[in-house]
Each structure stands twice: as C-alpha cells, then as structure tokens.
Amino acid sequence: MSPEITKHNGKVQTSPPLRSMPPPSSFTPVTPHLAISPTVSVVVPAMNEAENLPHVFATIPQWVDEIVLVDGNSVDDTVAVAKRLRPNVKVVTQTGKGKGDALAAGFAACTSDIIVMIDADGSTDGREIINFVGALVTGADFVKGSRYASGGGSDDLTLNRRLGNKVLTGIVNVMYNTKYTDLCYGYNAFWARHLDVLNLDCDGFEVETLMNVRAAKAGLKVHEVPSHERNRIHGESNLHVVRDGFRVLKTILKEWRRQPTSPQPEPTAAPAADRGVA
C-alpha cells in the first residue's frame, strides 16, 4: 500500500504505509464473530496428574493449535491419558526437576506465535485462554492472570498464601515500579518472540515471579486479566508456602542486580505473526 500523504500546518507529511491485512485463510475461527491470525500453543507441566487431565484438557479450546504436555517423569498414566484425550498432543519428557525447569522445556518445544501456560491440577480454567490471547492481539506483549483484578478470585488461597503474595507483590511494585495486583500465579501468556527476554533459568515455583519481573525490566507491555483459581481436583500440591516464599524473595532481590535483556521487535512481514483479530 502506498504511504498516506497529509498536510499539517501547511507542511506535507508522509505517514508510514499500513500493513496488508492477512488473507482470510490465515485466521482461526474462535467464535462466530471473532477470529485470530496468530497461532497458539498451550504448555501444561504435569507430574502424576492422570486423574486431573480429562478436566483440564476439556477446558482447552479446540481452536488452540498446539498442546505441549511436559511430563515430570510421572509414575501414573499421565502421558497415556493425555494422548488418549488429544492424540496430537506434543509430549516432552522433563530431564530436570521443578516447575520452572518444566516450563522452560515446554516453551522450547512450542512452535506457535503465542504461548500460554496453565496448570495440570485443574486450578486454571482453559476457557479463559481467549482473554489472554485477546489482550495479546490487541497490543500487549505479556499477559498475566490476576486473582485480585475485578472479576478474578480464588477458591484455594489460604491466609498465609494470601498474605505472602500481598507482601511479595508490594516489594516488586516498589522495586520495579510496577502496578501488579498478583505476583505468584501460574496463568500467563506471551508472544513467543519474547522467550529470550524471559530466559527461564530457575527450577521451582518462583518461575512466575521471575517472568513477571523480567517482563517489567525489559519494558514489555504487561497487561493483567482477571482469572478465577479453582481448587486442585485430585492429589496434593507440591507448593510449600514458607520455603517457596523465601525462594521468591531471593529471586526478586537477585533480579535487581541483573541487567535486562532487550525485547525483540514486532515482526512486520509474516502474516502468521501479525497481531490480527477480526
């Protein structure tokens, strides 16, 4: 398309050319009134979650292009159940330990433009993925779920977890000049081109904090969307409030001394990576 020429105060000004609209074939129908152009991968770290996966996978929209299950060397039928539920699921066997390590392995295996991370215990609702993707295609670089944003909530926050999260969120907001309402929540989404900025190099539950801090330090456009956390359906959580709380605090302080990584610019040529919504 040719540049648009306008006049301002008597002077001729040339605006940059508009990008062409992606062809209709590149859009994925989401609802009768909405379609998106970017592809979407969902990463599900799981260890012994065979009982929970039927519920989790049932909430993931069919328009999602790729599900990456990261198996933490489960001793139950986690992998078999995942393959039965979604025959095209991509299974990655975790070689290290911990949630941070599992997510890093899952992210590396993704092939889509957008990456969404959810939990395998049933606490995060896959039907909310459209809210995360919608925020990304309308301008955000990194989208974080918040149980404290208007419309969010939790069935699982104990008093200790609530207080710890509030204190840690306040520390990050002061140190990094952010306005986060929820720091320690595992429902996030981002453009895959920002993987280098996030550069996950931690093992445990501090991974969500690490991602939020590095996104802010790199100057990414971070947007919060309300999310409702459910109770784990089956099994017991591996989260330990005091131990993992200290790991989160250590991560916050360590990142203060680390130089941020510059984000990758938005691509303009490939229609599949265009922030298209119709």
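This is a predicted model: local features need pLDDT of at least 70, side-chain atom pairs count only at pLDDT 80 or more; totals for chains, interfaces and linings use all residues.
Local features were taken only at pLDDT of at least 70 and side-chain atom pairs only at pLDDT 80 or more, whereas totals for chains, interfaces and linings use all residues. Residues are numbered from 1 along each chain as its sequence is written, and side-chain values use heavy atoms, with hydrogens and water left out.

Helices (H or I, at least four residues) and strands (E, at least two) are DSSP runs numbered from the N terminus. An open sheet is formed by 7 strands in the order E7-E6-E5-E8-E11-E9-E12, with mixed pairing; two strands pair if DSSP finds at least two bridges between them. The edges are strand E7 (90-93) and strand E12 (222-226), each of which pairs on one side only. On average, neighbouring strands of this sheet are turned by 20° against each other, direction ignored. Strand E9 (residues 142-146) pairs with E12 in the parallel sense over 5 bridges, and Ser-146 stands opposite Pro-226 in E12.

Helix H3 packs on the sheet, touching strand E5 (40-46), strand E6 (66-71), E7, strand E8 (114-117) and strand E11 (188-191). Contact means heavy atoms within 4.5 Å. The direction of H3 makes about 145° with that of E6; axes are lines fitted to C-alpha atoms, for helices over the stretch in contact, and angles run from 0 to 180 degrees between N-to-C directions. The axes of H3 and helix H7 (residues 207-217) come within 9 Å and cross at roughly 60°. H3 is therefore oblique to H7 (under 35 degrees is roughly parallel, over 145 roughly antiparallel, 65 to 115 roughly perpendicular, and the rest oblique). In this contact, Lys-99, Gly-100, Leu-103 and Phe-107 of H3 meet Val-207, Glu-208 and Met-211 of H7. By class, the contact has 4 nonpolar, 1 polar and 2 charged residues (Ala, Val, Leu, Ile, Met, Phe, Trp, Tyr, Cys and Pro count as nonpolar, Asp, Glu, Lys and Arg as charged, and the others, Gly among them, as polar).

Ala-102 is placed in H3 (residues 99-109). With a relative accessibility of 2%, Ala-102 counts as buried (buried is under 20% relative accessible area, exposed over 50%, partly exposed in between; 1.4 Å probe, protein chains only). Not counting residues up to four places away in sequence, Ala-102 touches Pro-45, Val-70 and Gln-94.

The whole structure contains 5 aromatic pairs. Rings of Phe, Tyr and Trp (its six-membered ring) pair if their centres lie within 6.5 Å; planes under 30 degrees apart are stacked, over 60 edge-to-face, and the rest tilted. Phe-142 and Phe-190 are stacked, because their ring centres are 6.1 Å apart and their planes lie at 15°. Phe-142 lies in strand E9 and Phe-190 in strand E11, so this pair ties together parts 48 residues apart in sequence. Relative accessibility is 0% for Phe-142 and 0% for Phe-190. Tyr-176 and Trp-256 form an edge-to-face pair, 5.7 Å centre to centre with 70° between the planes. This pair links helix H5 (residues 159-176) and helix H8 (residues 241-256). Phe-107, Phe-142 and Phe-190 form one aromatic cluster.

Asp-125 lies in the loop between E8 and helix H4 (129-137) and is buried at 9% relative accessibility. Not counting residues up to four places away in sequence, Asp-125 touches Thr-59, Tyr-187 and Arg-230.
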